[in-house]
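This report covers selected local features of one model. Please look at the sequence and structure below before reading on.

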Amino acid sequence: MSEARDVDVVVVGAGISGVDAAYHLRRDCPERTFVVLDALESFGGTWLTHRYPGVRSDTDLYTFGYSFKPWTGDPIASGERIREYLREVIDENDLARHVRFQRRVESASWSSAENRWTLRVRDLTSGDVETYRCEFLWMCQGYYRHDQGYTPDWPGLDTFEGRVVHPQQWPEDLDLTDQEVVVVGSGATAATLVPAIAERCAHVTMIQRSPTYFFSGENRDELADQLRALEVDEAWVHEIVRRNRLAQLKMLTDVALSEPDFAAQELINLVRAELPEGFDVDTHFTPRYRPWQQRIAYVPDGDLFKAISSGRASVVTDEIAAITPHGVRLASGDEQRADVLITATGFELSVLGDVHFTIDGEVLNLAERVTYRGMMFSGVPNLCWIFGYFRAAWTLRADLVCNYVGRLLNYMRDHDLHRVVPTLRDEDLAETPLAWIGDDEFNPSYLKRSLHLMPQRLAKPEWGHTQDYWYERDVLPTLSPEDDCLVYD
Ligand SMILES: Cc1cc2nc3c(=O)[nH]c(=O)nc-3n(C[C@H](O)[C@H](O)[C@H](O)COP(=O)(O)OP(=O)(O)OC[C@H]3O[C@@H](n4cnc5c(N)ncnc54)[C@H](O)[C@@H]3O)c2cc1C
């Protein structure tokens, strides 16, 4: 084992959140030393792992992009374009020298005697173990395992004679020309893949257990186009369009919450208008949940519906009973032939990057802890995570958390404090803990499957986790580090 490397802050993850954290540390805490560690071979996280055809954002980049870096492309962007954007942020802010790739953080141990985290880090190129020590640990690990996606355990899967592919591990040599392809899934990934591969396959069938809400429209922003035609500075364009998009999102969210049936019908009507006369929208595009209980995926230029209308793609809504050597048997008894089976069936949730945590020798089970404002955890010293929004752009929350952490670190510096521990007060101990997120609020299956692994919350703002950007936009920027829920040393 090599000598320990000491820094003030370790950031785990060099995805869009980790790059945000690094930018804010440089800007807001320039005297702090820090390192960003990531298990992957480069930056980008999600946008590096997902390389399937057509991979793109499902929220617009005016809001998914950072507040401080103007977005100048189409609102919905390809994975490659998002990585270019991140590369520019890294270059413009001299962040590369802080980042170490192919470093998996395996364990983190807190010592109260030293007020330090000690991290055991695997160098994935050599297999060696490195040690990093830091005062503050900033987890930007995302919410799912990058090295494996989720594939249901269908009976007969091992008998399938074709190729099974998870979009998270898209093989470079996969040739779909003239192949019968089945894509299992109904979310944004399936909706992106189907039109992207439809042209070259013999036929592509999307098999979904239940339908999803989609929102479709041109992949351009009229206001941005107008402002650019007036030669408005890009920083202004970004800010104005960002505000406009957020105002529209707020309107859509309010209607979805106050008049869910109306909102559902409007969304379904939009889809109906894009499909051929007589298409069975009731079966295939009428979800069983309320809008906003899952993210509404944006279909730029209606490409999914164009692929279906052209006859090159089709949708089947049914349960999979079994996988057969040559395809899929459905609960209805129908068989669907497949040469290639693409399992766009979601993620394996990862809590705190699967790092083994101990605090003064005791193993940390995060599921037993209560979150402090969705950023820190009861009894866990000097640690913060970035967990973004699902319904609005993830990064909107990352930006808010980054600003808070900067103020927290500066407060600790100014008051010569070396430890901050979110601590439940007597009146909090009487409260009944709640799940990280309410089932009626947001319920995609990857979260439902693993909700028992997530930290808890209380029905109080200080111990809450909310997915309400408009609430947090007002509250987090004014949140003082002087709070009786935070115990300093
Ligand atoms: C195809 C796709 C499209 C999406 N589109 C959108 C969208 O349009 N809008 C939106 O808001 N959200 C979208 N999301 C959700 C998206 O994942 C997040 O918004 C965002 O990219 C998450 O960024 P992150 O940096 O927090 O996490 P990630 O992108 O998951 O990055 C986490 C990084 O941490 C590293 N890491 C984790 N654990 C360890 C460890 N123990 N040691 C070292 N490194 C570790 C990982 O290697 C990874 O690089 C999309 C997701 C997918 C899969």
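Leu 352 counts as buried because it has 22 C-beta neighbours inside 10 Å, and the cut-off for a buried residue is 20 or more. The model is a predicted one. Leu 352 belongs to the loop that lies between strand E18 (347–349) and strand E19 (356–359). Its phi is positive, at about 50°, although Leu 352 is not a glycine.

Glu 231 is another non-glycine residue with a positive phi, in this case of about 60°. The loop that holds Glu 231 runs between helix H6 (222–229) and helix H7 (234–258). Is Glu 231 buried or exposed? Glu 231 is exposed, because 7 other C-beta atoms lie within 10 Å and a residue counts as exposed at 12 or fewer.

## Helix H1 against helix H11

Two packed helices are described by the angle between their axes and the distance between the axes. For helix H1 (residues 16–28) and helix H11 (residues 394–414), the axes come within 9 Å and cross at roughly 35°. The crossing of H1 and H11 is right-handed.

On the H1 side, the contact is made by Ile 16, Ser 17, Asp 20, Ala 21, His 24 and Asp 28. Their partners in H11 are Thr 395, Ala 398, Asp 399, Cys 402, Asn 403, Gly 406 and Asn 410. By class, the residues of this contact are four nonpolar, six polar and three charged.

## The shell around the ligand

H1 also takes part in the shell around the ligand, and with three residues it gives the most. Both H1 and strand E4 (103–111) supply at least two residues of that shell.

How many residues surround the ligand, and which are the closest? There are 33 of them, and the closest are Gly 13, Gly 15, Gly 45, Gly 142 and Gly 353. The shell divides into 14 nonpolar residues, 15 polar residues and four charged residues.

## Strand E9 and its partner

Strand E9 (residues 180–184) is mostly covered, with four of its five residues buried. E9 runs parallel to strand E10 (residues 203–208), and five bridges join the two strands. Within this pairing, Val 181 stands opposite Val 204 in E10.

In a regular strand the side chains alternate between the two faces of the sheet.

Methods
Residues numbered from 1 in each chain as written. Predicted model: local features only at pLDDT ≥ 70, side-chain atom pairs only at ≥ 80, totals over all residues. Axes fitted to C-alpha atoms, helices over the stretch in contact; angles between N-to-C directions. Left-handed = near helix turned anticlockwise from the far one by under 90°. Contact = placed C-beta atoms within 7 Å. Nonpolar A, V, L, I, M, F, W, Y, C, P; charged D, E, K, R; others polar. Near = placed C-beta within 6 Å. Pairing = 2+ DSSP bridges.
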